[in-house]
Amino acid sequence: MPREDYIATIGLEVHCQITANSKMFCGCRAAYGDDPNTNVCPVCLGLPGALPVLNKHAIEQTILAGMLLGCETPEVSRWDRKNYFYPDMPKNYQLTQLDVPLCLGGGVPLYDIAYPKDVQKGIANPGKVVKMNRIHLEEDVAKSTHFSNHSLIDYNRAGMPLMELVTEPDIDTADEAYAFLKSLQQILVYGGISDADMEKGQMRCDVNISVRPVGTAELRTKLEVKNLNSITAVRKSIEFEIQRQCDEYDEGIEQKQATIRWDDAIGETVVMRVKEDSADYRYFTEPDLLPVRTVELVAKMRSFVPELPHEKRERFVVDYGVSEYDAGVLTSEKALADYFEKAAEGSKVAKKVANWVINGLLGKLNETDVSVRDNPFPAGSLRALVDLVEAGTVTNKQAREVFDVIWESPDESPADVAKGLGFEPADQSAVEGIIDQVILDNPDKVEEIKGGNPRMVNWLTGQVMKASQGKANPKLVTDSISAKLGL
Ligand SMILES: [Zn+2]
């Protein structure tokens, strides 16, 4: 059967580290890049008799994440032990939440701008909100690195606060999964909850995928792709896995429940282990931790709910007169939205500032592979540069040259740079003389304008620009011609 005759059902489990100073159940530093096994203590090493203490900040941030996604928080939330034996889990159990997590329900809106660039023009379900099942809080495991005949393990990561966000099986395509993760990242960064950087391992993703023929309701066996560490890998592995399952069903091969991994080098999924039964983790209630009463925490965190990307986007359209799409670009990263607002502050031409941010600044950032956060161009200088163009001191083309100089020397002022480059506004009285001459030389065009063809003003402007060797400011020239012709 062709692939169109199959429906895919996809669910995601996203692990996301919370930005925090200390670990989830002890006071050890929660930091990256420190020497291995230096941020450890009896609690996170699982030594006998050590008792866990809750990290209130991590609980609050998880509740906040739930608020941003429209989840409900039960009045009492509990802790459970998930038992399994593995070297990355020194206690041989993980402290997590099974029955009553901190957040239930909710959803993640898929922003248009969050889809892969190549599909943004043909989004199948614009405005879709992917239903969430829950968010619970748990501790991260240690990081193991395997070599051919030995393994290394770093317990610095063991016990770091980790949110697990679980969706309903509500995702239909690889592109939606991609948009889900990008949108979720945006929202978590806006909330200050996590940097959610997959490259730094702050966000990791497991994907559950099954396919079934169109017209059937019952879900078939799902396969789980574990530990994906880039959004592109999530998209590619889903594409591959859907095709693989469809092909095998066509050949009459049934799927066995299995854990698989994505091999980026060969671009294929590889089976790690076939599950005979679902794993028995012998969950039970954690005896060393009391349940958490959440009512006061929920009330407190309400005041920390920020303006979300889609809310900011709508406000930008109204406040700055930018298009829906441009507002989406400007709000795609919180740092960029903040930069734009700073640059547009007090500007009479905020829309032009937006154009410079999108076409000038973003282009330069991409070209030089610099992140928005490391952007050297001062927001005030961008506003000043746009003002110079508006005042007719420099043309757009000259402004680009000024931009490039300030990019390299951010402390210089646009006005000084323009002067240094010899971009003086043309002598207006000389330009006026040229305008008079052009009007005199082209009586037929003047007749056309007076006869109701205002577009000929542009033609006259072009003649003046030519005669002034590009030095005149086209906007001022057009204004002057219009005035002289009494338009
Ligand atoms: Zn510790």
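1. Angles under 35 degrees count as roughly parallel, those over 145 as roughly antiparallel, those from 65 to 115 as roughly perpendicular, and the rest as oblique. Helices (H or I, at least four residues) are DSSP runs numbered from the N terminus. Axes are lines fitted to C-alpha atoms, for helices over the stretch in contact, and angles run from 0 to 180 degrees between N-to-C directions.

2. The model is a predicted one, in which local features need pLDDT of at least 70, side-chain atom pairs count only at pLDDT 80 or more, and totals for chains, interfaces and linings use all residues. Residue numbers start from 1 along each chain as its sequence is written.

3. The protein is divided into domain 1 (3–300), domain 2 (307–420) and domain 3 (428–484); these bounds come from an automatic or database domain assignment. The centres of domain 2 and domain 3, taken over C-alpha atoms, are 31 Å apart.

4. Helix 2 (residues 174–190) packs with helix 3 (residues 231–250) at an angle of about 160 degrees, and their axes are 8 Å apart. Helix 2 and helix 3 are therefore roughly antiparallel. Their crossing is right-handed, a term used where the near helix is turned clockwise from the far one by less than a right angle. Helix 2 contributes A174, D175, A177, Y178, L181 and K182 to the contact, and helix 3 contributes I231, V234, R235, I238 and E239. Residues are in contact if their C-beta atoms, placed from the backbone, lie within 7 Å. This contact comprises seven nonpolar, no polar and four charged residues. Here Ala, Val, Leu, Ile, Met, Phe, Trp, Tyr, Cys and Pro count as nonpolar, Asp, Glu, Lys and Arg as charged, and the others, Gly among them, as polar.

5. For helix 7 (residues 334–344) and helix 8 (residues 350–368), the packing angle is about 140 degrees and the axes are 9 Å apart. Helix 7 and helix 8 are therefore oblique to each other, and the crossing is right-handed. Y339, F340, A343 and A344 of helix 7 meet A350, V353, A354 and V357 of helix 8. The contact has eight nonpolar residues, with no polar and no charged ones.

6. Helix 9 (residues 379–390) and helix 10 (residues 396–408) pack at about 160 degrees, with axes 10 Å apart. The two are therefore roughly antiparallel, and helix 9 and helix 10 cross in a right-handed manner.

Definitions and conventions. Two residues are in contact if their C-beta atoms, placed from the backbone, lie within 7 Å.
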